[in-house]
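These are my notes from going through one chain.

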Amino acid sequence: MDMRRFERQLTLSGFGLPGQERLCEATVLVAGVGGVGGAVATYLAAAGVGRLVLVHPGALETPDLNRQTLMRPDRVGEPRVACAADTLREHYPDVTVEAWDRDLFDPLLPGLVAGADVVVDARHNFPERFRINRMCLDLGVPLVFAAMNTTEAQLLTVLPGDPCLRCVFADGDPEWDPLGFPVLGAVAGTVGCLAAMEVIKIVSRFGEPSTGKLLAFDLWDMDFRSFPVTHDPQCVDCGPIRRQPSRPQPYTVRRVPLPDVPDVPDVPDVPDVPEASAGMPGLADTAGAAGAAGVGGLAAAGAGPGVRCGHDDPL
Ligand SMILES: [Zn+2]
């Protein structure tokens with residue numbers, strides 16, 4: 001790769017050339033290249049991830065163009081994943097991009113996941129999300145979930161040993177409408193960028209991945225919250241009946257010391273600000289209970305139907 005592209009990030013304290021080299025040598029599988037996954041893939045390619053494996057079934061339709069920024073109107077009717085790959089290759093010629101016009105139940109998927117250093121789930125339906133959750137658990141591959149619906153979005157990072165997606169959403173969302181839910185591209189792009197940042201941190205060892213919590217936010221009023229997640233002892237994917245990973249590689253996060261900060265003069269105390277009462281629809285009523293019980297408790301507390309999750313883009 002032409003390292004001049006990365007001059008502005010090579011100067012990040014704690015990142016540097018070692019972090020960049022880790023990115024350049026990494027393979028990341030991005031499941032879904034719609035509004036969320038397209039943003040993930042874009043920023044991973046821009047950061048210099050060496051190899052991207054894109055998986056997404058189906059053809060591009062005109063209504064996809066309000067959010068899927070890797071797509072082009074002259075490619076309507078063609079496979080979306082091919083259009084996404086071509087756009088990335090044009091902008092980032094040093095990045096190797098593979099495109100698979102498949103869903104996550106395709107028999108090829110376990111092999112693709114096994115070859116990845118990190119997987120991003122940006123699919124819009126729980127059957128596929130649970131499928132890749134289980135694959136990554138079995139193979140010991142770190143997984144970042146990114147999902148959105150209307151103005152809400154969620155982010156969950158699962159490193160080997162962490163509570164998994166099934167621990168948080170045991171049954172998915174029974175009220176989920178796979179087709180026609182409202183989508184704003186800026187919401188999809190926001191959570192996609194956050195997911196890309198998680199991958200960059202995991203791969204480069206710069207910063208600290210957001211593990212052990214579910215980040216949920218609503219861009220309607222810019223309400224950002226995080227909820228602790230806990231192992232569900234009844235989880236069918238990582239509970240007592242879980243299978244042993246076939247690639248047992250203990251993952252460790254190396255915390256990078258923050259750079260020295262110059263002394264700053266004391267500032268006067270700031271009066272307490274009353275806590276905002278407005279919250280994310282569906283989360284506001286259960287935020288306290290979820291915070292106390294962990295997000296395993298969030299689902300159990302009946303917040304599931306309100307906490308719409310798993311939505312990226314209609315087919
Ligand atoms: Zn689990």
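I count a residue as buried if 20 or more other C-beta atoms lie within 10 Å of its own, as exposed if 12 or fewer do, and as partly exposed in between. By that cut-off, buried residues make up 48% of the 315 residues in the chain. The model is predicted.

Overall make-up. I found ten helices and eight strands in the chain. I then looked at contacts with a separation of 6 or more, and residues 24 or more positions apart account for 72% of them.

Strand S1. I started with S1, residues 27-31. Four of its five residues are buried, so the strand is largely enclosed by the rest of the structure. Which strands does S1 pair with? S2 (residues 51-55) runs parallel to S1 and is joined to it by five bridges. Within this pair, I noted Val-53 in S2 as the bridge partner of Leu-29. Between S1 and S2 the chain passes through helix H3 (residues 35-47), and I recorded this β-α-β crossover as right-handed. S4 (residues 118-121) also pairs with S1 in the parallel sense, over four bridges. There, Asp-121 in S4 stands opposite Ala-31.

Core. The largest nonpolar core has 85 residues, and I looked up which of them touch the most other members: Leu-52, Leu-54, Val-120 and Ala-146. Helix H8 (residues 185-204) gives this core its largest share, eleven residues. I listed the contacts of Val-120, leaving out residues up to four places away in sequence. Val-120 touches Val-28, Val-30, Ala-31, Gly-37, Val-40, Val-144, Ala-146, Ala-195 and Val-199. For background, nonpolar side chains tend to be buried together in soluble globular proteins.

Helix H4. I checked the span of H4 (residues 80-91), which has twelve residues. From first C-alpha to last it reaches 17 Å, close to the 16 Å expected at 1.5 Å a residue. Its buried residues are Arg-80, Val-81, Cys-83, Ala-84, Ala-85, Thr-87 and Leu-88. What covers the buried residues of H4? The cover includes H3, S2 and strand S3 (96-100).

I moved on to S6, where seven of the seven residues are buried. In a regular strand the side chains alternate between the two faces of the sheet. S6 is joined to S5 by seven bridges, and the two run antiparallel. In this pair Leu-143 stands opposite Val-158. S5 and S6 form a hairpin with two residues between them. S7 is also antiparallel to S6, with five bridges, and Phe-217 in S7 stands opposite Ala-153.

Positive phi. I looked at two residues other than glycine with positive phi. Thr-150 has phi near 50° and is found in the loop between S5 (143-149) and S6 (152-158). Is Thr-150 buried or partly exposed? I got 16 C-beta neighbours inside 10 Å, so Thr-150 counts as partly exposed. Arg-205 has a phi of about 70° and is placed in the loop between H8 and S7 (213-218). With 19 other C-beta atoms within 10 Å, Arg-205 is partly exposed, because buried needs 20 or more.

Note on methods: Residues are numbered from 1 along each chain as its sequence is written. This is a predicted model: local features need pLDDT of at least 70, side-chain atom pairs count only at pLDDT 80 or more; totals for chains, interfaces and linings use all residues. Two strands pair if DSSP finds at least two bridges between them. A crossover is right-handed if, with the strands pointing away from the viewer, the path from the first strand over the helix to the second runs clockwise. A nonpolar core is a set of buried Ala, Val, Leu, Ile, Met, Phe, Trp, Tyr and Cys residues joined through C-beta atoms within 7 Å. Two residues are in contact if their C-beta atoms, placed from the backbone, lie within 7 Å. The expected span of a helix is 1.5 Å times one less than its number of residues.
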